Amino acid sequence: MQRVRLSSQQASVHKLGDSQITLSPKFRLAVFQSSLLNPSTESELILSGEPLIPGLPDDVALNCLLRLPVESHTDCKAVSKRWHLLLGSKERFFTRRKEMGFKDPWLFVFAFHKCTGKIQWQVFDLTHLSWHTIPAMPCKDKVCPHGVRCVSIPRDGNLFVCGGMVSDVDCPLDLVLKYEMQKNRWTVMNQMITARSFFASGVIDGRIYVAGGNSTNLFELDSAEVMDPVKGSWHPIASMGTNMASYDAAVLNGKLLVTEGWLWPFYVSPRGQVYDPRTNKWESMAAGLREGWTGSSVVVYGHLFVVSEHERMKVKVYYADEDSWEPINGPPLPEQICKPFAVNACDCRIYVVGRNLHVAVGEISRFNQKETSNKKWKFHVQWQVEDAPQIFSDLTPSSSQVLYA
Amino acid sequence: MSNTSENPNPSSSSAKITLKTSDNELFEVEEAVAMKFCTVKQYFEDEKDNDVAARGSSTVIPLPNVHSAVLARLISYCKKLPQSNAVADNHEEEETKKKERKQYGTPGDLVDLISAANYLDFKEGLEFFNQALADHIQNKSVEYVRKFFGIKGDFEPHEEEKYREEYAWAFEGVDED
C-alpha cells in the first residue's frame with residue numbers, strides 16, 4: 001500500500017535547517033510577568049511559613065496534590081500562591097511527580113485531521129480517562145502523517161519522532177524530535193544519517209534503532225543506524241542485507257524484528273529480518289513469523305501479539321517454538337474501533353486507538369494449559385472501550401505511544 | 001497460653017498489642033494490624049531489644065500524636081485491607097476503590113487521617129487517604145478548597161482578579177460544595 005511508489009522524479013533530501021524549524025521557547029514561564037512564577041519565590045513562600053495544606057507536612061501534602069488530575073489544575077491553582085506554583089505549569093508538576101516516584105501511564109496519540117492532514121498529538125490520561133494536548137511539534141514543513149516513526153522510552157517519559165516525509169512531495173526526512181513529558185517540551189535532535197520514511201524502529205536497552213525504509217532515490221534502503229539518546233548522535237550498524245521498507249517492527253527478546261508485510265497481489269511471501277545488537281548481525285526471519293504477521297504488533301508477557309489491520313478480528317499470538325500463530329481467547333476487537341488502528345501496549349494492557357480516537361483497552365491475562373505437559377502459555381483478552389469526545393470526530397490516528405509520568 | 005511463650009515470633013496472629021492515644025484511650029489490636037504501622041513496629045522492635053520480657057500485651061505503646069477517633073478509623077480501614085497489595089487491574093476494580101475512598105471523604109477528617117497515617121508510617125493508609133483527598137477536592141471551587149483546608153487566599157487583589165478572569169471557564173461545571 002504505502003510502498004507503491006509512483007513518483008518518477010527524484011527529489012532532494014529536505015534538510016530541515018533553521019529556516020524550517022521553530023523551536024519551542026525554552027522558558028515558557030518567562031512570558032508571564034508575574035512574581036509568582038519566579039522560581040526563587042518558592043523558597044520565599046516556604047520560608048514565610050505558609051504550608052501547602054495546613055496541618056500536613058509539605059511532603060505529605062505534595063503526595064496528595066500531585067494526584068490531582070491535570071484537568072483540575074486550572075481551578076486548583078487559584079487556591080494560593082504555593083498551589084499556583086505547583087499546579088501552574090505541567091513542567092513543574094510532572095517534575096515533582098517524577099521526584100516523588102509517581103508513574104501513571106499516558107497514551108500519546110499521533111493523529112491527523114482527515115481532511116486537512118494537519119498533524120497533532122492528543123494525550124489520553126489512562127488513569128483519569130481524560131484527554132489533553134501538548135505543544136505542537138517544532139516543524140514548519142507540512143509533514144505527511146504516514147511514514148513517520150515514533151518510539152518511546154516510557155519510564156523516562158520521553159518519546160521520539162523520526163523521519164517521515166514532506167506532504168505532497170515524495171521526499172523523506174532525516175528529522176528527529178524528542179518530547180519530554182517532565183518538561184512538556186519538544187527538542188530537535190541530531191538528524192539521522194540517512195533520510196527515511198516507512199522504516200523499522202525500536203528501542204533496545206535505551207537505544208533507538210532504525211532500519212530500512214524508503215529513501216530519496218526511489219529505492220528501498222538496506223542501511224540501519226542507532227542512537228543513544230543520552231549521547232544524541234547516530235551511528236551506522238550492520239546493513240540489513242536486503243533493501244526493504246517496513247510494514248511493522250517489534251523488539252522481542254532484545255532483538256529488532258522487521259517485516260515488510262504482505263504486498264498486493266500477495267504472490268510472494270513477505271521478507272523479514274531480525275537484528276541482534278549483541279552480535280551486530282541480521283538474519284532472516286522464520287517463515288511462520290513473517291507470513292502470519294498481518295497487523296500491528298505489541299509485546300506483552302515476552303510474547304509477540306498482532307492486532308489485525310482488519311476490523312473485528314481476534315488478536316493473535318506467536319509461538320516461537322512452533323513458528324506459528326494462534327488467536328487468543330476472548331472476544332475480537334470491539335466493533336466501535338474502526339480502521340486505521342494505532343496500537344501499543346504497556347504492562348499487560350494493549351491499547352488500540354481507532355478512527356475518531358476511540359480507544360479500546362485490552363487486558364491480557366495468561367494461563368497455563370493443564371492437560372498439556374509443555375509450558376505453553378495461553379492468553380485471554382478482555383476489552384473495554386473508552387469513547388473519545390465529539391471534537392475528535394475528524395481525527396485519524398497514525399501512531400501511539402505510552403509514557404509514564 | 002504456653003503456646004505464646006514458646007513462640008517468640010512477633011508476627012504470630014494471636015498476639016495483641018495495646019496502643020494508647022493522645023486522649024489516653026487504650027486500644028488492644030491484633031499484632032498483624034499493629035505491625036502495619038511502621039512506627040509501632042519500630043517501637044516494638046526497639047523495646048524487644050531492650051527487654052525481651054517486655055513484649056506483647058504487657059507493653060503499652062503511646063501514640064501521643066493520634067486521637068482515639070482517628071485511630072479507630074485507621075484500625076477499621078486496616079482490617080479491611082486485602083491480603084495482597086495488588087494494584088487494581090481493571091476499571092471495575094478502580095471504580096470500587098473510588099467508591100470506597102468516597103466513604104472516607106468527610107471534610108476535615110481526611111487531613112487528620114492522613115496526618116496520623118503519616119505519623120504512624122502506615123504506607124497503604126497514606127496512599128489510600130491521600131488519593132481520597134485528591135479525589136475529594138478535584139472539581140471543587142476555589143472557595144470550597146480554601147474553606148476545606150482553612151487556606152487563606154494569599155494573592156494580591158489584582159492577581160486574584162486576574163486568575164478569576166483567566167480561568168473563568170474553569171469555574172463552571174464544578175461540583176456542588
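**Terms and numbering.** Buried means under 20% relative accessible area, exposed means over 50%, and partly exposed lies in between (1.4 Å probe, protein chains only). This is a predicted model, in which local features need pLDDT of at least 70, side-chain atom pairs count only at pLDDT 80 or more, and totals for chains, interfaces and linings use all residues. Residues are numbered from 1 along each chain as its sequence is written, chains are lettered from A and ligands numbered from 1 in the order in which they are written, and side-chain values use heavy atoms, with hydrogens and water left out.

**Figure 1. V352(A) is a buried residue in strand β23 of chain A.** Strand β23 spans residues 349–353. Helices (H or I, at least four residues) and strands (E, at least two) are DSSP runs, numbered from the N terminus. The relative accessible area of V352(A) is 0%, so this residue counts as buried. What does V352(A) touch, leaving aside its neighbours within four places in sequence? Its contacts (heavy atoms within 4.5 Å) are V307(A), L333(A), I337(A), F341(A), A342(A), V343(A), H358(A), V359(A), A360(A) and W383(A). P334(A) sits 18 residues away along the chain, with 10.0 Å between its C-alpha atom and that of V352(A).

**Figure 2. Strand β11 of chain A pairs with β10(A) and with β12(A).** Two strands pair if DSSP finds at least two bridges between them. Strand β10 (residues 200–204) is antiparallel to β11(A), and five bridges join them. One of the bridge pairs is V203(A) with I208(A). Two residues lie between the strands of this hairpin, and D205(A) has a positive phi near 50°. Strand β12 (residues 224–227) also runs antiparallel to β11(A), through four bridges. Here A211(A) stands opposite A224(A).

**Figure 3. Helix α2 of chain A is mostly covered.** The helix spans residues 58–65, and six of its eight residues are buried. Those residues are V60(A), A61(A), L62(A), N63(A), C64(A) and L65(A). Which elements do they pack against? In chain A, the partners are α4 (81–87) and α5 (90–99). In chain B, they are α6 (109–119) and α7 (123–137).

**Figure 4. A UniProt annotation covers residues 54–93 of chain A.** The unreviewed entry gives this span as "domain: F-box". UniProt positions are given in the numbering used here, feature names are shortened, and annotations may be inferred rather than shown by experiment. The span is 57% helix and 0% strand. Its end C-alpha atoms lie 20 Å apart.

**Figure 5. Domain 1 and domain 2 of chain A meet in a contact.** Domain 1 takes in 18–24 + 102–404, and domain 2 takes in 32–99. These bounds come from an automatic or database domain assignment. The C-alpha centres of the two domains of chain A are 36 Å apart. The contact draws 13 residues from domain 1 and twelve residues from domain 2. The area buried between them is about 1,200 Å², with 56% from carbon and sulfur atoms. Buried area is the accessible area (1.4 Å probe) that two parts lose on being put together, summed over both. Which three residues supply more than any other three of the area that domain 1 of chain A buries against domain 2 of chain A? F102(A), H128(A) and Q182(A) do, with 52% of that area.

**Figure 6. Chain B also has two assigned domains.** Domain 1 of chain B covers 12–76 + 100–137, and domain 2 covers 142–171. Six residues of domain 1 are in contact with four residues of domain 2. The area buried between these domains of chain B is about 450 Å², and carbon and sulfur atoms give 82% of that area. The chain has nine helices and three strands. From the N terminus, its elements run α-β-β-α-α-β-α-α-α-α-α-α. Of the 177 residues in chain B, 40% are buried.
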